[in-house]
Amino acid sequence: MDIVLFGIQGSGKGTQGKIIADKYQMRIFETGAELRRLAKEDSSLGKKVKNLIEAGQLVPNEIVMEIIENFSKDFNKNEKVLFDGIPRKMEQAQSFDKLMKELNREFVCILMDISEKEAYRRLTTRRICEECKSVYPSTYEKEKCEKCQGKLITRQDDNPESIKVRLDSYYKETMPVIEYYEKTAKLYKINGEQKIDKVNNEIIELLDKIFT
Ligand SMILES: [Zn+2]
């Protein structure tokens, strides 16, 4: 059983995704990371990706699907995959369903649910480490990164205008996908506004059930 993890920016999706993948030995499929990895590869798909990135173009849907297909070729049926941030829009959801069917893989969806107001608050107050790019919420009061002692700064695109653009695109493009899976697949909601440990416990409780 694979997992498709949904959540607006600031929902803690990335953090939880890593914890889950670790605990259940799942492979994470995250489009951005996969694109960067492929761009370094000397394959025809790698070259395609590299050209698109260099041209600063968005990666078309067919190529995203080709990437997932390619990704899923090198693991066996028993391995579980955690899809992070994909499908992002309706046209992707349809191709994704088709591909998963062809690959004979089943999945359930988990939504890290937080309000738009909370997402906005978290994104406007978070800081990142200049060196290792670790993200720190406003509740972290120290001036330096816990991991590498780097300086903590506000990311340039964490300004109110660009945050608004990112949140708006989530509601416009990804929300319909979530509503679609509420109807056509299994979608579980986790209250992402709780403390990080509590969120994690809830997810683990849920996954323990799903995976048994
Ligand atoms: Zn750091």
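Reader: What makes the five strands an open sheet, and in what order do they lie?

Author: In this predicted model, the order is 2-3-1-4-8, and the pairing is parallel. Strand 2 and strand 8 (187-191) are the edge strands, each pairing on one side only. From one strand to the next, the twist averages 25°.

Reader: How do you know that strand 1 pairs with strand 4 and with strand 3?

Author: Two strands count as paired if there are at least two bridges between them. Strand 1 and strand 4 (residues 107-113) have six bridges, in the parallel sense. Strand 1 and strand 3 run parallel and are joined by three bridges. Val-4 has Phe-83 of strand 3 as its bridge partner, and Ile-3 has Leu-82 of strand 3. Both pairings therefore meet the cut-off of at least two bridges.

Reader: Why is strand 1 called largely enclosed?

Author: A residue is buried if 20 or more other C-beta atoms lie within 10 Å of its own. In strand 1 (residues 2-7), five of the six residues are buried, so the strand is largely enclosed by the rest of the structure.

Reader: Which helices lie across these strands, and at what angles do they run?

Author: Helix 1 lies across strand 1, strand 2, strand 3 and strand 4, and runs at about 175° to strand 3. Helix 7 (residues 160-184) lies across strand 1, strand 4 and strand 8, running at about 120° to strand 8.

Reader: Which residues make the contact of helix 1 with helix 8, and of what kinds are they?

Author: Helix 1 contributes Gln-16, Ile-19, Ile-20 and Lys-23, while helix 8 contributes Val-199, Asn-200, Ile-203, Ile-204 and Leu-207. Six of these residues are nonpolar, two are polar and one is charged.

Reader: What makes strand 6 and strand 7 edge strands?

Author: Three strands form an open sheet in the order 6-5-7, with antiparallel pairing. Strand 6 and strand 7 each have a single partner strand, so one side of each is left without a neighbour in the sheet. Strand 5 (residues 127-129) is joined to strand 6 by two bridges, and these strands run antiparallel. Arg-127 has Tyr-136 of strand 6 as its bridge partner.

Reader: How do you know whether Gln-149 is buried or exposed?

Author: There are 11 other C-beta atoms within 10 Å of Gln-149, and Gln-149 is therefore exposed under the limit of 12 or fewer. Gln-149 lies in the loop between strand 6 (135-136) and strand 7 (152-153). Gln-149 is not a glycine, yet has a positive phi of about 65°.

Reader: What is the peptide bond from Ile-86 to Pro-87, cis or trans?

Author: This bond is cis, with omega near 0°. Pro-87 is in the loop between strand 3 (80-84) and helix 5 (90-102).

Note on methods:
Residues numbered from 1 in each chain as written. Predicted model: local features only at pLDDT ≥ 70, side-chain atom pairs only at ≥ 80, totals over all residues. Contact = placed C-beta atoms within 7 Å. Helix = DSSP H or I, 4+ residues; strand = E, 2+ residues; numbered from the N terminus. Nonpolar A, V, L, I, M, F, W, Y, C, P; charged D, E, K, R; others polar. Axes fitted to C-alpha atoms, helices over the stretch in contact; angles between N-to-C directions.
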